[in-house]
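The following note collects points for discussion. Please read it alongside the sequence and the coordinates.

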Amino acid sequence: MAQKSTHELDILNGPILKKYILFLIPLALGYILQLLFNAADVIVVGQFAGATALAAVGSTTALVNLYLNIYTGLATGVNILTARAYATGDNESTKDIVHTSMGLSFVVGVIFLVVGLLTVHPLLLMTGTPTDILDMASLYLRIYCLSMPASVVYNFGASVLRSIGDTKRPMYYLLGAGVVNLIINLFTVIVLNMGVAGVAIGTAVSSYVSAVLVVITLMREESSLKLYLNKMRLDGKVVKDILQFGIPVAVQNSMFSIPNIMIQSAINSFGSLYVAGNSAAQSLEGFQIAFLTANGIGAATFISQHVGAGKYKRADRVLRTILICSTVISLAIGATFVVLRVPLLGLYNRNITVIEIASRRLIITALTDFLDAAMCIISNTIRGYGKSVPPMVITLIFVCGFRMVWLILLFPFFKFFEFVIMAWPVSWILAIPVLYVYYRKIRRHYPDTDREETAATV
């Protein structure tokens, strides 16, 4: 008999929109809280340590996103596998996935710590970080690297919980960690005058708080998700399956970061004020992207469970619901940000020039991020149907490849800030039709009715 969790959200039955909203809101709030780790860093240093410190922290955003994108990509493999096994009621497979996933998270976390510490300075030099902020940016990143093992453990553990629709507990843990982060930031920067080092310490400590909480939660579970520390292992088959789904996402996410690092490098060429302005807008926009990310995870979780349970007809309705929901939410948030951009950006820095530069970016990206959400949703829907490599290839060509061509071949002729920023929405417009055509191709290999409906007619 299947061992069910008392925190499970039954996403296979009942009204789709209601269940999806119940799943989406805590998940998006969780991502927002995770973003607050960095936003708190940016706001505190911008207000109490000056524009130079703000630029130093902001200049690390692309590199921090590179690290995050890789191990959150691997965590997607955990989410998809756990969702499928749990939906079919396969307790033994679910247990194997949970224990292998958490064992793998510790290994991956240590690898990231070592590699991160060894590559901080070369990567900052490669992105053309201005010399006046290079030392501060390097210090911030080195301390940030100490949080990587905890971040990997948290993201893998949270993916296990989210696979059954439990998005509330991960959100609560990030809320507690976010409060810890803010308190440490204010104390180290205002009282101890530690600048970027202080906010980096706050981020590291809060990451370990959230990781410990999610591990304790899995240890106290009474369902097939229950974690026994002495049973953690690296089952070869499960590791292979996790990597089969996770590596293409990690590669895709990391490859996203390469043209984004090139974009950051192009912005760096305009000087520290542009770096500060772009950092402020990017940090604010991150709250909108939190819903984008949550919708992507929602698509992976909902579609994976429905495909695993053989509910193909309902899966079609799920996809339509998620696309409509994400578009409405993204446009509403984007329009709000554009209308209130001056006071919102003023929270990061009161310099008029910085706010003006940030506004120029925000008007472009905030109103087009719904396209990014659609691209992410369709990609994860394809993964939910068991195909992880094709969306990676399509994205690498039509998004990453295009952005690199945009910067290498066209930017030398159009050296202005808005042209750099336009690389994002134009690439989304190119990728979405290709992804949708591929989705329709694989969808034709599955029945148009649910498995239980087919069985009833036999």
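1. A polar contact is a pair of N or O atoms within 3.5 Å; within protein, one must be able to donate a hydrogen and the other to accept it, and residues adjacent in sequence count only if both atoms are side-chain atoms. Helices (H or I, at least four residues) and strands (E, at least two) are DSSP runs, numbered from the N terminus. With these terms, Asn-351 caps the N-terminal end of H13, a side-chain oxygen lying 2.9 Å from the backbone nitrogen of Thr-353.

2. This is a predicted model, in which local features need pLDDT of at least 70 and side-chain atom pairs count only at pLDDT 80 or more, while totals for chains, interfaces and linings use all residues. Residues are numbered from 1 along each chain as its sequence is written, and side-chain values use heavy atoms, with hydrogens and water left out.

3. Helix H13 comprises 14 residues, 352-365, and reaches 20 Å from its first C-alpha to its last. This is close to the expected 20 Å, where the expected span is 1.5 Å times one less than the number of residues. Its buried residues (buried: under 20% relative accessible area; exposed: over 50%; partly exposed: in between; 1.4 Å probe, protein chains only) include Val-354, Ile-355, Ile-357, Arg-361 and Leu-362. The buried residues of H13 pack against helices H10, H11, H12, H14, H16 and H17.

4. The salt bridges (a side-chain nitrogen of Lys or Arg within 4 Å of a carboxyl oxygen of Asp or Glu) number nine by this rule. Arg-361 pairs with Glu-285, with the closest N and O atoms 2.8 Å apart. Because Arg-361 lies in helix H13 and Glu-285 in helix H10, this pair ties together parts that are 76 residues apart in sequence. Both Arg-361 and Glu-285 are buried. Salt bridges that share partners also join Asp-166, Arg-169 and Glu-221 into one network.

5. Two further salt bridges lie within single helices. In helix H4 (residues 91-126), Glu-92 and Lys-95 are three residues apart, about one turn of the helix, and their closest N and O atoms are 3.8 Å apart. Lys-95 is partly exposed, at 26% relative accessibility. In helix H9 (residues 236-268), Lys-237 and Asp-241 are four residues apart, again about one helical turn, and their closest N and O atoms are 3.1 Å apart. Lys-237 counts as exposed, at 59% relative accessibility.

6. Which residues does Ile-377 touch, leaving aside its neighbours within four places in sequence? Ile-377, found in helix H14, is in contact (heavy atoms within 4.5 Å) with Asn-295, Gly-296, Ala-299, Leu-319, Ile-322, Leu-323 and Ser-326. The residue is buried, with a relative accessible area of 0%. Ile-377 and Lys-168 are 209 residues apart in sequence, and their C-alpha atoms are 21 Å apart in space.

7. Ser-147 occupies the loop between helix H5 (134-145) and helix H6 (148-162). Beyond its neighbours within four places in sequence, Ser-147 is in contact with Thr-203, Ala-204, Ser-207 and Tyr-208.

8. A nonpolar surface patch, including Phe-48, Leu-182, Met-194 and Val-205, has about 830 Å² of accessible area together. H7 gives the most to this patch, with five residues, and both helix H7 (168-191) and helix H8 (196-220) supply at least two residues. Leu-182 lies in helix H7 and is partly exposed, with a relative accessible area of 40%. Patches are made of residues with over 30% relative accessible area and no salt bridge, like charges being joined within 9 Å and nonpolar side chains (Val, Leu, Ile, Met, Phe, Trp, Tyr) within 5 Å. Accessible areas come from the Shrake-Rupley method with a 1.4 Å probe; for residues, only the protein chains shown count as cover.
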